[in-house]
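Student: Can we go through this one together? I'd like to start with the surface and then get to the fold.

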Amino acid sequence: LGSDSVHLMTFGQPRIGNAAFASYFEQYVPSAIRVTHEHDIVPHLPPYFFFLPHLTYHHFPREVWEHDVDGNTTFRVCDGSGEDPDCCRECVCVVPQCLRPSDVHGC
């Protein structure tokens, strides 16, 4: 099972399983990367419940977050948790788009 020769890159992927599954996936598909965008709602589904981290859905690690900083597109390699609060998870989704808290407050 698993192979270092398997490479996976997803775009806008939803959460795929619980924390145990995300850990298992990381172990057997070590060369996986998720690319997310700050205004995409899909990576926020199903919702992440920070107060129930072991009972909620999780992303597998290695996120690359595309977002705007002062009008410039920036790519950030996030921490290895899969749920870095300073990356895609920083955004709040309000249909029809996702916003960062600073956007909601007009900063």
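**Surface and fold**

Tutor: The protein chain has an accessible surface of about 6,500 Å², and 62% of it belongs to carbon and sulfur atoms. Keep in mind that this is a predicted model.

Student: What share of the 107 residues counts as buried?

Tutor: 33% of the residues in the protein chain count as buried.

Student: OK, secondary structure. How many helices and strands are there?

Tutor: There are 2 helices and 6 strands in the protein chain. Read from the N terminus, the order is β-α-β-β-β-β-β-α.

Student: Which strands form the open sheet, and in what order?

Tutor: The open sheet is built from 4 strands, ordered β1-β2-β3-β4, with mixed pairing. β1 (7–11) and β4 (72–77) each have a single partner strand and stand at the edges, so one side of each has no neighbour in the sheet.

Student: And how much are neighbouring strands turned against each other?

Tutor: On average by 20°, with direction ignored.

Student: Which residue stands opposite T36?

Tutor: That is W65, in β3.

Student: Last topic, contacts. Of those with a separation of 6 or more, what percentage is between residues 24 or more positions apart?

Tutor: Such residue pairs account for 66% of those contacts in the protein chain.

Definitions and conventions: Residues are numbered from 1 along each chain as its sequence is written. This is a predicted model: local features need pLDDT of at least 70, side-chain atom pairs count only at pLDDT 80 or more; totals for chains, interfaces and linings use all residues. Side-chain values use heavy atoms; hydrogens and water are left out. Two strands pair if DSSP finds at least two bridges between them. Axes are lines fitted to C-alpha atoms, for helices over the stretch in contact, and angles run from 0 to 180 degrees between N-to-C directions. Buried means under 20% relative accessible area, exposed over 50%, partly exposed in between (1.4 Å probe, protein chains only). Contact means heavy atoms within 4.5 Å. Accessible areas come from the Shrake-Rupley method with a 1.4 Å probe; for residues, only the protein chains shown count as cover.
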